[in-house]
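Here's a quick tour for anyone meeting this protein for the first time. Have a look at the structure, then read on.

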Amino acid sequence: MQESRIEETPLCMSPYSRRRFLAVAGKSAALASWGISGTTLDAVLRESLDQGLIPGATADVHAEALLKPDMIVHSETPFNAEFPPHLLHDTVTPTSRHFVRNNRDIPERAKRKDPQGWKLTIDGAVDRNLELSMDDLLRFPQVSLKVVLECAGNGRSLFDPKVGGTQWIRGAVGCSEWTGVRLRDVLNHVGLKSHAVYLGNYGEDVPVNSGEAFSRGIPLEKAMDEHTLIALKMNGADLPAAHGFPARLIVPGWIGSSMQKWLNRIWVRDRVHDSEKMSGYSYRVPSYPVAPGSKPAKRDMVIATSWIVKSLITAPESDAKIQSETPVTVGGHAWAGEDGVTKVEVSKDYGVRWQEARLTSPLNRYAWYNWEIKLALENKGYYELWARAFDDKGNAQPFHQPWNPKGYLGNVIHRVPVVVDSKS
Ligand SMILES: Nc1nc2c(c(=O)[nH]1)N[C@H]1C(S)=C(S)[C@@H](COP(=O)(O)O)O[C@H]1N2
Ligand SMILES: [Mo]
């Protein structure tokens with residue numbers, strides 16, 4: 001175990017993509033011939049480059065600017081990418097800085113941005129099966145909410161021992177504004193049978209290699225919460241292809257996988273949704289603490305639902321150079337799933353002393369909180385800025401990451417290295 005080593009790489013790339021970058025840096029001429037710009041090259045290093053293929057994501061650029069400067073691309077097909085924490089400083093995450101997590105390929109309709117023929121089927125334990133068009137949905141009251149959307153696997157790369165899956169660092173989280181209809185308005189319109197207890201949600205994305213569709217579900221109680229939405233807009237514009245055009249679920253406080261993209265079917269069920277992605281080790285965590293590296297029995301796994309208390313340091317940037325004469329402003333966000341955040345503390349001495357940051361209320365429930373503190377770093381040298389948030393149930397972020405087999409719900413305290421230079 002490398003307890004004392006800083007876990008994040010000081011550069012804006014994962015160690016993985018940095019390695020790839022070095023490996024393909026000599027190929028810029030070839031890239032230029034594909035019309036890929038220098039900035040894109042800096043930002044995006046993709047598996048397929050070494051294989052001599054034209055990257056699939058590049059082929060999609062005409063439909064959706066998927067590739068953005070400073071993006072950390074984990075995989076291209078399906079497309080999975082995040083941004084480094086210092087680019088997530090905004091209170092409302094711009095669409096261009098929101099991570100993308102796809103288990104499957106983006107549906108053709110979304111790429112074409114074509115709502116023609118799209119229907120949302122609602123069937124199962126309902127009074128009558130219904131097919132709703134976009135116009136039908138637009139007739140319901142439209143509401144807007146800023147919501148923290150975070151992949152259950154965010155922080156997976158920090159698990160020790162390593163676990164399989166996309167090696168998210170800390171950027172698989174955003175807080176954008178989502179606009180759409182309340183799911184409960186639509187369910188009430190359809191009419192629920194008394195034995196309805198759970199939703200099974202489906203999207204238009206196509207399984208790779210004929211695998212089962214990516215389908216997850218939520219209990220009826222959460223579905224009927226006034227904050228749970230069928231979102232039609234992100235930050236005031238139609239949903240981008242990558243984020244679920246033309247409709248997706250927004251399930252505030254819960255893990256990102258519950259927020260079905262490219263939504264086209266809601267199956268109202270009389271039991272817990274039992275798709276592949278609701279079973280086994282998928283999006284499930286042990287019901288009790290397990291030893292790192294162990295394999296708990298499937299029957300001991302429970303469905304992951306709400307996120308837990310977390311914070312992110314978005315300033316200063318990792319590896320920043322700071323003058324000792326100027327106090328450094330340390331700031332970022334905090335959130336706690338369905339719970340409230342009560343306090344954020346910052347340490348500059350490896351957790352020996354902690355100072356309370358100024359915490360500001362979120363723009364609405366389920367948006368993230370902002371926090372900030374000015375710290376004096378008097379001596380020159382290497383420092384780590386640590387932040388930990390507390391929730392209103394008395395939980396705080398741990399110093400060491402508790403382990404589970406799939407690396408879900410990682411919330412170990414964030415540590416940002418900085419170097420202080422004295423002028424004299
Ligand atoms: N149809 C569909 N919905 C999906 C997914 C998917 O692969 N297919 N991925 C889920 C996961 S795991 C996450 S974390 C979020 C990511 O949403 P974003 O790409 O808009 O950030 O979408 C969820 N909804
Ligand atoms: Mo996710």
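What follows covers the ligand and then the nonpolar cores.

This is a predicted model, where local features need pLDDT of at least 70, side-chain atom pairs count only at pLDDT 80 or more, and totals for chains, interfaces and linings use all residues. Residues are numbered from 1 along each chain as its sequence is written.

Let's start with ligand 1.

| Residue | Protein atom | Atom of ligand 1 | Distance |
|---|---|---|---|
| His98 | polar side-chain atom | oxygen | 3.3 Å |
| Arg101 | backbone N or O atom | oxygen | 3.0 Å |
| Gln260 | polar side-chain atom | nitrogen | 3.0 Å |

On its own, ligand 1 exposes 530 Å² (Shrake-Rupley method, 1.4 Å probe), and the protein buries 100% of that.

Now for the cores. A nonpolar core is a set of buried Ala, Val, Leu, Ile, Met, Phe, Trp, Tyr and Cys residues joined through side-chain atoms within 4.5 Å, with buried meaning under 20% relative accessible area. The largest one has 67 residues, and Ile122, Leu137, Leu183, Leu199, Ile230, Ile266 and Val268 have the most contacts inside it. Domain 1 (112-303) and domain 2 (310-421) both give residues to this core, so it lies between them. A second, separate core of 24 residues includes Ala336, Leu377, Val416 and Val420.

Terms used:
Chains are lettered from A and ligands numbered from 1 in the order in which they are written. Side-chain values use heavy atoms; hydrogens and water are left out. Buried means under 20% relative accessible area, exposed over 50%, partly exposed in between (1.4 Å probe, protein chains only). Domain bounds come from an automatic or database domain assignment. A polar contact is a pair of N or O atoms within 3.5 Å; within protein, one must be able to donate a hydrogen and the other to accept it, and residues adjacent in sequence count only if both atoms are side-chain atoms.
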